[in-house]
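Dear colleague,

Please find the structure below, handed over for your study.

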Amino acid sequence: MKESRLSSATEEIVQKHENELGGVIAMLEEIQLQHSYLPESALKTVASETGRSLVEIYGVATFYKYFSLKPRGEHLVSVCLGTACHVRQGALIAKEFEDQLGIRAGETTPDKKFSLETVNCLGACARGPIVLVDGHYFSNVKKTQVSQILKKAREGLDAIDVTTDQRVFPVKLRCPHCNHSLLDPNYLIDNHPAVRLTISFASKHGWLRLSSLYGSNNIKSEYEIPMNTIADFFCPHCHAELVGSSACPVCNAPMVPMTIYGGGLIQICSRRGCKSHTMDLVNSICINCDNRHTCKLMKPEGGVWFCEEYI
Amino acid sequence: MITLKINGLETNVEKGTTLLEAARFLGFPVPTLCHMDGLHPFGACRLCLVEIGEGPRIKLVSSCTYPAEEGLHVRTASRRVMRARKMIIELLLASSPQSKTIQDLASAFDVKQQRFRQEFEDCILCGRCVHMCEEQMMAKAIGFRGRGENRSIGTPFDVQSEECRLCGGCMYVCPVCMLRCTYTEPEKAICGGCANLSVPCIEKEQFDDVMCYMEPCVACEITKD
């Protein structure tokens with residue numbers, strides 16, 4: 001089962017890049033993003049789907065240091081040992097990471113949490129020594145900061161602190177069909193009423209609650225949704241299917257539209273794990289306000305505006 | 001037809017002829033390792049380099065990949081060419097000293113010392129076997145893997161390839177790896193021993209299975225015990 005799912009996902013990736021120049025590298029990149037490494041079976045699928053020989057694909061995969069044929073840990077730590085970082089004791093930093101993680105460069109910790117590798121340049125030589133963790137750069141790294149960096153990585157570098165981050169704000173959402181509010185005041189996620197939807201996938205049918213904070217990816221659901229599943233979304237009030245005309249710009253799955261109080265449309269990707277979302281403010285959010293002619297607190301750009309708090 | 005001068009001798013060649021073919025046609029000896037008639041030129045070993053151009057635009061190019069140009073002046077044995085060639089042979093000698101082919105080359109070009117760290121590789125990464133497999137055998141079972149000092153030739157994942165038909169073509173064209181059939185200790189190796197490859201193993205049943213690139217030669221395996 002797992003094997004067949006893997007190969008069908010790989011086939012999808014291959015078809016996407018088949019006609020591109022240098023498509024093989026793009027395919028391998030995407031496969032690596034999905035699995036964190038390049039499984040042997042995926043390389044064989046790429047070879048047979050593109051009509052190239054396995055040795056050609058294998059040659060590309062082993063030529064570029066970016067590709068890994070061994071499973072990697074959850075977090076990838078790359079320590080720069082380029083010339084500029086080297087003269088600023090990059091090697092000491094690498095040694096410190098090795099000691100703290102208890103592994104050598106190029107290895108993965110037994111609990112599959114961290115992979116450590118050394119690279120030859122990360123393109124930020126003036127700010128060396130550079131350490132790259134899960135796509136986040138750390139500059140001027142000192143030996144004493146190593147444990148802190150690892151701690152941050154464990155907590156998740158992509159996590160947004162919803163209480164303090166300026167980019168996060170609550171949105172009030174409605175069903176585009178029946179106009180009922182989708183907010184559930186009895187169920188809080190991130191200390192705000194959650195957005196309640198009904199979803200169905202693989203003959204399962206249940207509720208899904210999303211954080212109503214724009215920018216937060218926290219969800220709760222009745223059933224565990226496997227990664228990469230594309231679910232169908234329904235309004236819990238009118239039971240109409242929420243399906244938009246557009247497809248996800250990242251993964252091509254259908255987008256789920258919901259309207260914002262005051263005008264505007266938020267679309268989220270229906271694929272589990274894909275964090276893609278868009279917000280179109282058809283008109284500015286103040287367009288429906290009765291006080292708009294006299295208001296001094298007009299907010300013509302995006303977002304949700306609780307002007308009553310300022311009056 | 002293209003007119004060019006090789007070592008001062010004017011000659012006419014067809015369009016698309018390489019400098020190596022033109023020089024050999026005129027009888028000038030140009031040593032090669034990776035070049036082989038019937039395979040695409042690859043320019044990997046650099047032994048065939050020649051000097052082209054005049055005045056400040058003199059440069060060294062690999063003659064096996066360089067197409068003949070109108071009015072080109074080619075020197076196949078100038079002082080600079082010989083010096084570069086000797087250096088290449090010295091480097092090859094450092095990596096694969098046990099190869100009879102390379103020993104002969106060193107002797108022919110009067111290379112008497114080898115100043116680099118001695119290695120005992122059995123491959124100079126010339127790519128002849130890769131091209132043989134791809135172009136003549138239509139198999140694409142072996143290829144280059146890795147990069148830089150980790151570059152090697154072999155099958156994906158180091159397991160016997162499904163494409164491989166055990167034709168043995170890769171071993172047949174290899175200019176260096178003859179040693180594999182003789183000894184496991186490179187220091188004691190005397191080259192040319194592979195000439196007896198077929199004698200001990202031809203009667204063995206497993207002969208069909210072992211004429212494959214990745215396996216160690218069965219001839220030595222059998223003579224050992």
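A:Thr109 is a buried residue, because its relative accessible area is 5%, which is under the 20% limit for that class. Please keep in mind from the outset that this is a predicted model.

Where in chain A does A:Thr109 lie? The residue belongs to the loop that runs between α6 (90–101) and β2 (114–119) of chain A. Its side chain takes part in a polar contact with the side chain of A:Asp111, at 2.7 Å. A polar atom of the A:Thr109 side chain also lies 3.3 Å from the backbone nitrogen of A:Lys113. If neighbours within four places in sequence are set aside, A:Thr109 is in contact with A:Leu101, A:Ile103 and A:Phe114.

Helix α1 (residues 2–17) of chain A has the lowest confidence, with a mean of 72, whereas helix α5 (residues 83–87) of chain A has the highest, at 93.

Taking the contacts in chain B between residues at least 6 apart in sequence, 52% join residues at least 24 apart.

The two chains also meet at an interface. How many residues of chain B are in contact with chain A? There are 12 in chain B, and they touch 11 residues of chain A. About 1,100 Å² of area is buried between chain B and chain A, and carbon and sulfur atoms give 67% of that area.

One salt bridge is counted between chain B and chain A. It is formed by B:Lys140 and A:Glu56, whose closest N and O atoms are 3.2 Å apart. On the side of chain B that touches chain A, strand β6 (residues 143–145) of chain B provides the largest share, namely three residues. By class, that side of chain B consists of five nonpolar, four polar and three charged residues.

With kind regards

Note on methods. Residues numbered from 1 in each chain as written. Chains lettered and ligands numbered in written order. Predicted model: local features only at pLDDT ≥ 70, side-chain atom pairs only at ≥ 80, totals over all residues. Heavy atoms only, no water. Contact = heavy atoms within 4.5 Å. Buried area = accessible area lost by both parts, 1.4 Å probe. Salt bridge = Lys/Arg side-chain N within 4 Å of Asp/Glu carboxyl O. Helix = DSSP H or I, 4+ residues; strand = E, 2+ residues; numbered from the N terminus. Nonpolar A, V, L, I, M, F, W, Y, C, P; charged D, E, K, R; others polar. Buried < 20%, exposed > 50% of the residue type's maximum accessible area, 1.4 Å probe, protein only. Polar contact = N/O pair within 3.5 Å; in protein donor to acceptor, adjacent residues only side chain to side chain. pLDDT = per-residue confidence, 0-100.
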